[in-house]
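Some comments on the model you sent are set out below. Please read them with the coordinates open.

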Amino acid sequence: MGKRKYAQAVPYLLAALEEIPNHPVVYSNLATSYYEAGSPDEAFRIISEARSRGIKTAELDNVEGLIELKRQQYTKALECFYTAVKKDPRISAYHNHLGVALFKLKKYPHAYNEFKTAVTLDSSNKDAARNLTDCEEFI
């Protein structure tokens, strides 16, 4: 989905939230849509609202980590991704994102392990495979 498609999804997700308040998937999709549409502050607002309602999903942690990565707040991103992985270690993308944060913090062996885990969990994760190969130079 391009930026425009994510922006178009926002009103539908807001309507869904009115219909199904406190639905974790709607909150995660809304936060993701705001983030992908280029509105990180709105994504943070939605994440904060979800948490105030007791919704604490791995996907919300992941989206927050992506925003922190984009803002180059690598330590904060690391915390978010670590939390996401701890909550749901089966998701390849979370390990890949954790690896990116570790790589940015120059923790190359740990980043390598996360990229390797991401590829092991999902061999079709091209980003993780590329990151694993790129990280090998720094080990």
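Predicted model: local features only at pLDDT ≥ 70, side-chain atom pairs only at ≥ 80, totals over all residues.

1. Helices H2 and H3. Helix H2 spans residues 24-36 and helix H3 spans residues 40-52. Since angles over 145 degrees count as roughly antiparallel, H2 is described as roughly antiparallel to H3. The crossing of this pair is left-handed.

2. Residues between H2 and H3. On the H2 side the contact is made by Tyr-27, Leu-30, Ala-31, Tyr-34 and Tyr-35. The H3 side contributes Pro-40, Glu-42, Ala-43, Arg-45, Ile-46, Ile-47, Glu-49 and Ala-50. Sorted by class, the contact of H2 with H3 has 10 nonpolar and three charged residues, with no polar ones.

3. Helices H6 and H8. Helix H6 covers residues 92-104 and helix H8 covers residues 126-136. The two axes come within 10 Å and cross at roughly 30°. Because the cut-off for roughly parallel is under 35 degrees, H6 is roughly parallel to H8. This crossing, too, is left-handed.

4. Residues between H6 and H8. Asn-96, Val-100 and Phe-103 from H6 meet Asp-127, Ala-128, Asn-131 and Cys-135 from H8. By class, the contact of H6 with H8 holds four nonpolar residues, two polar and one charged.

5. Glu-64. Helix H4, to which Glu-64 belongs, runs over residues 58-70. Apart from neighbours within four places in sequence, Glu-64 is in contact with Phe-44, Ile-47, Arg-51 and Cys-80. One of these partners, Ile-47, is also among the H3 residues that meet H2.

6. Thr-32. This residue is found in helix H2. Its relative accessible area is 18%, so Thr-32 is buried. With neighbours within four places in sequence left aside, Thr-32 is in contact with Tyr-6, Glu-59 and Val-63.

7. Cysteines. How many disulfides does the model contain? The count comes to zero, the rule being a pair of cysteine sulfur atoms within 2.5 Å. Cys-80 counts as buried at 10% relative accessibility, and Cys-135 counts as buried at 0%. Cys-80 is in contact with Glu-64, while Cys-135 is one of the H8 residues that meet H6.

8. Pro-109. Helix H7 (residues 108-121) contains Pro-109. With a relative accessible area of 47%, Pro-109 is partly exposed. The C-alpha atoms of Pro-109 and Gly-99 are separated by 9.5 Å, and the two residues are 10 residues apart along the chain.

9. Positive phi angles. Gln-72 is not a glycine, yet has a positive phi of about 60°. Gln-72 sits in the loop between H4 and helix H5 (74-87), and at 55% relative accessibility it counts as exposed. Lys-106, also not a glycine, has a positive phi of about 65°. The loop between H6 and H7 holds Lys-106, and this residue is exposed, with a relative accessible area of 61%.

Note on methods: Residues numbered from 1 in each chain as written. Heavy atoms only, no water. Buried < 20%, exposed > 50% of the residue type's maximum accessible area, 1.4 Å probe, protein only. Axes fitted to C-alpha atoms, helices over the stretch in contact; angles between N-to-C directions. Helix = DSSP H or I, 4+ residues; strand = E, 2+ residues; numbered from the N terminus. Parallel < 35°, antiparallel > 145°, perpendicular 65-115°, else oblique. Left-handed = near helix turned anticlockwise from the far one by under 90°. Contact = heavy atoms within 4.5 Å. Nonpolar A, V, L, I, M, F, W, Y, C, P; charged D, E, K, R; others polar.
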